[in-house]
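Me: Please show me the sequence and the structure. I would like to go through the sheet and a helix pair.

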Amino acid sequence: MAAGTPKASSPTSSSIETLGAPDCPHCHGLGYIRREAAPGSPDFGKLDICSCRQGAVTRQVRDRLFSLSHLDELKDLTFESFRPRGQVGLGERHARSLEIACSAARQYAASLKGWLLLQGGYGCGKTHLAAAIANFAVGMGVPTLFLTVPDLLDLLRFAFDAEDITFEERFEQIRSAALLVLDDFGTQSATAWAQEKLFQIVNYRYINHLPLVVTTNVPLDELEPRIRSRLADPELVSAVRILAPDYRRPTDDKGHHELSSLDLLSKNTFASFSLRDEEELEADKIRSLEKALKAAMTFAEKPRGWLVLAGPYGCGKTHLAAAIANSRTDLGEPPLFVMVPDLLDHLRATFSPSSNTSYDRRFDEIRSAPLLILDDLGTQTTSPWAREKLYQLFNHRYIAELPTVITTADTLDEMDARIRSRMLDGRICTIHAITAPAYHGGRGKRAKK
């Protein structure tokens, strides 16, 4: 039988090191017990090693386990150092998702039953929580391996040439670890060999119900189908999605992303939007402004689907898009507002040797933003690379049904046919054409909030 092929049998001996004495009347074989404390007490929910394991889990043993866990640089990532509601000023929806994730991670660490899947963008806190689980488990004497998936694959590759360990021994160590934490799942190379090794590890732990924590910023439908089917099993896997933005990325004092083009548009609100009633405009042109304003205000209250604001330059579409962004910012949920030419420049800049951000990370930040506002679609260069990147961006948000606002002066016929087909899907996209000409100031009536 090939290395890594799972047998439909009970877990190996290393997998039961997490357990205490099977006949222990206190922990019933779990290995640790919950402290008796009232809700609100500092000790509420905390665990102690059961007396049946006290002799086995000495400080020396814990130190040895820690040295084997690959947690050296993550030893400070604990539940105590995690901010369960994120940074000050974080929107309620994002803060709540962090709070739920932290609670789920604590509960998982206390039981190590089944699998925990933590999903979210870069820097949202999922690695911190995964490391907190691993650090907690090591402190309880549980043999633990914490590995980013690319590092895991490198460990296996290096084992082919290692003198102190065979590939089979290294593979067995990983797949049979009492607790395995796989960070950044989906960022690995997609070679056939890498996919097969990962499936063998995941499948072995699936068959034997061994504890597994997985973090990923990749949608499940983009993972290898066999692995996706295991991670989507609700009977074994508890899945938690963290909506919080990257806490490490530079923002201004209002929480705007470093990519944001919104800085100069902070005064563009719904209240300052002019309906231009007092100008000599045809009634149908004024109605187009009124309908676009109403649609923008409705979208700002509850962003859903796509909103396309089309019209000539200066007609007010950028003002309305910025008003949506400023409205969401005031609610503590700043969107990513970016002009399309600037977006492509930011992507190109990642190829520079001096860039401190990878292309993959930058592109994922943009395509996975909870609310993305793209201004001036159609003014970008029309190179094949630019067209392909924009299509990939639109297609991802279309499939994931992520809220998106688009402004454009182009007609639908002038757009990439693939993007146009998504905009024409009335289930997800609403298009408002503003027929009013460019606004040059004046005493036009202001919009009412």
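Me: In what order do the five strands of the open sheet lie?
Reply: This is a predicted model, where local features need pLDDT of at least 70, side-chain atom pairs count only at pLDDT 80 or more, and totals for chains, interfaces and linings use all residues. Residues are numbered from 1 along each chain as its sequence is written, and side-chain values use heavy atoms, without hydrogens and water. Strands (E, at least two residues) and helices (H or I, at least four) are DSSP runs numbered from the N terminus, and two strands pair if DSSP finds at least two bridges between them. Pairing here is parallel, and the order is S4-S5-S6-S3-S7.

Me: Which strands stand at the edges?
Reply: An edge strand has a single partner, so one side is left without a neighbour in the sheet. That applies to S4 (144–148) and S7 (237–242).

Me: Which residue in S6 is the bridge partner of Leu-116?
Reply: S3 (residues 115–120) and S6 (residues 212–216) run parallel, joined by five bridges. The partner of Leu-116 in S6 is Val-213.

Me: Why is H12 oblique to H13?
Reply: Axes are lines fitted to C-alpha atoms, for helices over the stretch in contact, and angles run from 0 to 180 degrees between N-to-C directions. Angles under 35 degrees count as roughly parallel, over 145 as roughly antiparallel, 65 to 115 as roughly perpendicular, and the rest as oblique. H12 (residues 359–367) and H13 (residues 384–400) have axes 9 Å apart and pack at an angle of about 50°. That makes H12 to H13 oblique.
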